Amino acid sequence: MASTRGIARPYWVALRFMIAATVVLGVAYPLAVLGVGQLVAPAQANGSMVTVDGQVAGSALLGQSFTDADGNALPEWFQSRPSAAGDGYDASASSGSNYGPENEDLLAAIEQRKEAIAADDGVDPADIPADALTASASGLDPHISPDYALLQVSRVATARGLEESRVRDLVEQFVQQPDLGYLGEPTVDVLQLNIALAQLS
């Protein structure tokens, strides 16, 4: 008959391995990755925070709303892409609507957004780009297309009493070209654009 010690030996081996794996993979490795991140790319490792006068205004990686308490667009700010994440840009509920292209609710939302943007910005509904009307897959996208940003120039300039040419030049300064020149499309980070706009005003 095998001894009690012989029977227990595999369990002790497994327990020691679990403890060692927990220490290495659950403590040492995460701390090493954190340390490398802080040394090599501290801004990115800390969430790409955007600060204004020493105060955190948001993250360059997460969109946010520039609306009043009722959800109406504030005319003095560039507006972000619509969001389906929770009540809008809720990082704890990141997702798209998952509506198909023929979904009645999606089509109604698109028409409502189109009418609102056409009225607010005084533009032809046919000239409104798709990213102004539809939410991104994550619901947290901080970027809009240069076309959508430029479409808002007249409204923002009027609301702030600025020349349209100054606001247009500002938008063009914040156009980010695709990675490596061809991966993706040109974009504009709305938060950073609005921060610069406030400083310009």
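This is a predicted model: local features need pLDDT of at least 70, side-chain atom pairs count only at pLDDT 80 or more; totals for chains, interfaces and linings use all residues.
Q: OK, how many bridges join strand 1 to strand 2, and do they run parallel or antiparallel?
A: Strand 1 (residues 49-52) and strand 2 are joined by four bridges and run antiparallel.

Q: What sits between them?
A: Two residues; the strands form a hairpin. Asp-53 in the turn has a positive phi of about 55°.

Q: Which residue stands opposite Val-50?
A: Gly-58, in strand 2.

Q: And Ser-59, where is that?
A: Ser-59 belongs to strand 2, which covers residues 55-59.

Q: Buried or exposed?
A: Ser-59 counts as buried because its relative accessibility is 9%, and the cut-off for buried is under 20%.

Q: What does Ser-59 touch, apart from neighbours within four places in sequence?
A: Gly-47, Ser-48, Met-49, Val-50 and Leu-191 are in contact with Ser-59.

Q: What about its side chain and Leu-61?
A: A polar atom of the Ser-59 side chain lies 3.0 Å from the backbone nitrogen of Leu-61.

Q: Switching to helices. How do helix 6 and helix 7 pack?
A: Helix 6 (residues 164-173) and helix 7 (residues 190-200) pack at about 145°, with axes 10 Å apart. The crossing is right-handed.

Q: Which residues make that contact?
A: Helix 6 supplies Arg-166, Leu-170 and Val-171, and helix 7 supplies Leu-193, Ala-196, Leu-197 and Leu-200.

Q: How does that split by class?
A: Six nonpolar, no polar and one charged.

Terms used. Residues are numbered from 1 along each chain as its sequence is written. Side-chain values use heavy atoms; hydrogens and water are left out. Buried means under 20% relative accessible area, exposed over 50%, partly exposed in between (1.4 Å probe, protein chains only). Contact means heavy atoms within 4.5 Å. A polar contact is a pair of N or O atoms within 3.5 Å; within protein, one must be able to donate a hydrogen and the other to accept it, and residues adjacent in sequence count only if both atoms are side-chain atoms. Axes are lines fitted to C-alpha atoms, for helices over the stretch in contact, and angles run from 0 to 180 degrees between N-to-C directions. A crossing is left-handed if the near helix is turned anticlockwise from the far one by less than a right angle, and right-handed if clockwise. Ala, Val, Leu, Ile, Met, Phe, Trp, Tyr, Cys and Pro count as nonpolar, Asp, Glu, Lys and Arg as charged, and the others, Gly among them, as polar. Two strands pair if DSSP finds at least two bridges between them.
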